[in-house]
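Student: I've got a model open and I'd like to know where its labels come from. Can we go through a few of them?

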Amino acid sequence: MNTGKPVSTGDVSSLPECPGGEIRNYYASLWEGLAQKAKCILHVLAGLKFGPPPAAMNDCFGRSVETLDALSDIDHLLDRRELEVSPFHASLFAFLREKESHTDIFEAHAHDVLAWLENTAPDYWRWAWLWITKAQLGDTHDILHAPCRAWAIESLTKGYPVEQVAIILDRAEIMAFEDFDVEKFHALRSLSTRVRNAPETQTHEWPLFQEVAVALSPDPNASDLLRHRIRQLPADEIPIVVRSSENCLLDHTVSDAVSELNRRLAVGARSDAEILGEHERAAYALVEVAAHGGPDYPDRVEDFVMKAREPGSLIASYCRESILAGRFQNVLSLSKSLRGPSIQRDVLAALCFEGLPPDSWPNDVVETSHATRCLALLKGGSDDKVEPELDLSSLFGDGRRFDPDRLHELADKVHELFFSALAVASNGRSSSLQLTIPAGSETSWLARAVRKLEQIALVAGQNWKTSRNWMTLTDLYTAFDLPPDTSTRFDQDWRLAGVRLGLRLIAEDIAAIAIGLSPNDRITEEDMQAVTASPYWSDEAWVDGFSSRRLVLLKPPAANALVQRIASSLDGTVTDFCERSNLRIKLALFASEHQLVDVARQQLTQAAECLLGYGFRKDPYANDILESLEMLADRGDRHAKQALLDLAGPFEAICEYTDGDETDHFRRGYHHLVARYFPDRVPSCYANLVRNEEWWFAESLSRAVAYAGWIDSIEGQALLETFICPDESVALERRRSQEAERALCIVRRRTGRNSDLTEQEVPEDEEQDGFEDAHLTTGTPSAPDPDPTDYPPSRLPDFLDAVSHVPKYDQHSRLIARWFAHWEEVGQEAAVLDALENVSDDSSYVWRLRDSYDSAFETALRIRGRSDAFHWLVRAQTHSAGWSRWMCPEPTFKRRLRHAAALYRGRWKEFVKLTAKPDFRGDAGKNGIVIGLSRLVFFLLEVGESELARSYALEMVRVFKEELSDQPIRTPDWAR
């Protein structure tokens, strides 16, 4: 192999056999024949967390004849890929890491690799592996202190893999945990969580973000890194690899992408129905990749799509990608197969941007749509098939039967109407269209809208014929001066939206035709300023439409004006983070495609801010912050109280930057704390809620007053005068105190109610639960539950297996508790503990036994003492994932942690470290570490670490505010 000559069967037969069939023996015999330098290089490669690029091997191991000889000797053991060197089989490096001398050899000889990373490595490798390698060699300073939010944002905007960002943060978390720097650990964990969740929960445009980031990256290796990961990427991200490829590598990249997608299609074809979704995504990705291929690909695409169940949608996807790639001839070559409004508009765009005269167009292209007929006529062609008739009856049906398809049908009809009228005017055969509108609808807003569009088109056609002046966006939107329908009827709402969408489609094609008539005739800044006066224009809709086809229709100053308008609106408005990141990403793409590189980078950076922003839907982080500050405030901590007041803006706006689903109660919880700790602020807070007509929150705040300790104050009395809802009165009645009785007198005097409203009724959901329980007990009787007395401690595994067959899962814990109690009562406590000890490491039993470990702790404490009981308390916390609110009930957790604080206060740090890697990870990171949020604050306060509890809670507040940095959140007047 080293000679480069072909390998014959005789060469293979002459190789020595693997001794005894054991791979370790084979490696051992191979090892003996290697020079010392070769052994050291292999040890270093086995110890590194990455594979160096092949071109850097000499630099990583010292440029010398000895190094060259050593690399030549072990070349057959290495796989030299484009961007990394890896072992020919992973078992080789596993064999080396098992050797006792491995760590010493690695640390002694890895400094050349470190020097390469620090001095001459390309940017990506230095960024990705320098801190990790330094930490391996004992220097942990950088990995502990360098990763931060700004670093993560910069990394994402450079197009670096999000997986590598997470790897670096993961290593940093481990180091912070080992140092027990809980504040640093929390900051890193929060950032890591946002990074890992960003692609799936903070945007619908993650592939687009990657594409723009790679395109704008200052690192020339960014596109190579994306191509290197092609086998790991989801199918719908593979076209991005091709779009991002350099021209010199495009053919090779297309070939690799097609091979990979064909492999996935072959796997999908042989697999179950659950693979069908991925199979479909791979099919769409395949035609998108093919749009970037050579001249033989259109025919291959046509053969492929014609075998599909829905070839039209695949052709549409292929055409859209061809337009995006600027390969307009692909669209024209498939013209005989093209159907549908979207594809017809792609044909028009292809003709406009190619600038071909009508007599060179493929057969049937002119007949594709009215818009292409218009283009042919405008460019001097002729068309005898222009029909001046159009039936619009379907648009005036029953508006109550609305679905999104009807809106798009209306937009397409509006588009067809306009270009039909324009074709009529351009052809000169008629002065108007013959429109079919149902009787009785002639005076409706929609009828007036279509007549207005017909008039605009006819005028535009006449102007072209007489003066060769093509219409502009200003002409279209200024002429369409019909006031929007202000009716609140649902059918008019969707028709208004359909006309608005139709106008945008018309505007895009008008701009495309302008380029077809004159290649440099693009939308001006004056046009872009003028259209904003129209109630039918939307900046965001224009950018959204651009992102799917990327036709550069605007001059750079016009594009910049559009971007700045949208950006200014975002800078002044609090919006949902997911929607915000989507729009920022599209703005970055829009700016980049219009050669506004600095503007694009700015928007991409702000998009990354949003990707790492607060909370996808049910994120409980805000609640953990409230709980932590509440515990501190209850102990009189003035810093916690001030932090609570400083969070007024973020909590008042929390339903705006999340989707409001299950985050509204965080805001109500915040108002309850305001009522407790800041009674003087409540009246103005309440007034603000009423002024904004946020009645639900206003009522919640007034109910909170009933539970606050200041209802006899002047402010409290004033608020009580507003109590008019039963919920608020009930809140007072349930307090059962002298202050509440005095307050009730005020409320009853105000409302005229003289009796209590509280009633002891079974809630509806409890009644339903009872019905379900009764329902489950009827029917065929099940087998009797296992009798705990039949299973002595020595047969605990048998008992647990028997319990596993009990159909009602909620009975398992009860049966195990009965077993535990019975054998303790008969004096078998020690045997019970021994039995639990024997099965405690068996993962199949952990979940069933998790409730028993607290009992085991109490038993061990009673019969064996504190030292032995400690490890049972650790097990109880670990096996129940006690630091996670989702896995362990609050009462159980608090009771357990109070035991730990009371009995093992001197070992509290050890307790946290031992319990931070639960068997059920819940919200753990990739490294499995969980040390809790508000639960850790609770424990720190219990063990007397008040300063650390405060600093940890305030770090949570700092991170929370940092995550909201892209939102223009203002502090409400009542909190200033």
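Tutor: T157 has 14% relative accessibility, so it counts as buried; buried means under 20% relative accessible area, with a 1.4 Å probe and protein chains only. This is a predicted model, where local features need pLDDT of at least 70, side-chain atom pairs count only at pLDDT 80 or more, and totals for chains, interfaces and linings use all residues. Residues are numbered from 1 along each chain as its sequence is written, and side-chain values use heavy atoms, leaving out hydrogens and water.

Student: What does T157 touch, leaving aside neighbours within four places in sequence?

Tutor: T157 is in contact with F209, A213, L604, T605 and A608, contact being heavy atoms within 4.5 Å.

Student: How far is the backbone oxygen of E154 from a polar atom of the T157 side chain?

Tutor: The two lie 2.8 Å apart.

Student: On to helices α34 and α37: at what angle do they pack?

Tutor: α34 (residues 638-646) and α37 (residues 664-677) pack at about 130°, with axes 11 Å apart. That makes α34 oblique to α37, because angles under 35 degrees count as roughly parallel, over 145 as roughly antiparallel, 65 to 115 as roughly perpendicular and the rest as oblique.

Student: Which residues make that contact?

Tutor: K641, L644 and L645 of α34 meet Y670, L673 and Y677 of α37. By class, that gives five nonpolar, no polar and one charged residues.

Student: And how much of the chain is buried?

Tutor: Buried residues make up 51% of its 976 residues.

Key:
Buried means under 20% relative accessible area, exposed over 50%, partly exposed in between (1.4 Å probe, protein chains only). A polar contact is a pair of N or O atoms within 3.5 Å; within protein, one must be able to donate a hydrogen and the other to accept it, and residues adjacent in sequence count only if both atoms are side-chain atoms. Axes are lines fitted to C-alpha atoms, for helices over the stretch in contact, and angles run from 0 to 180 degrees between N-to-C directions. Helices (H or I, at least four residues) and strands (E, at least two) are DSSP runs, numbered from the N terminus. Ala, Val, Leu, Ile, Met, Phe, Trp, Tyr, Cys and Pro count as nonpolar, Asp, Glu, Lys and Arg as charged, and the others, Gly among them, as polar.
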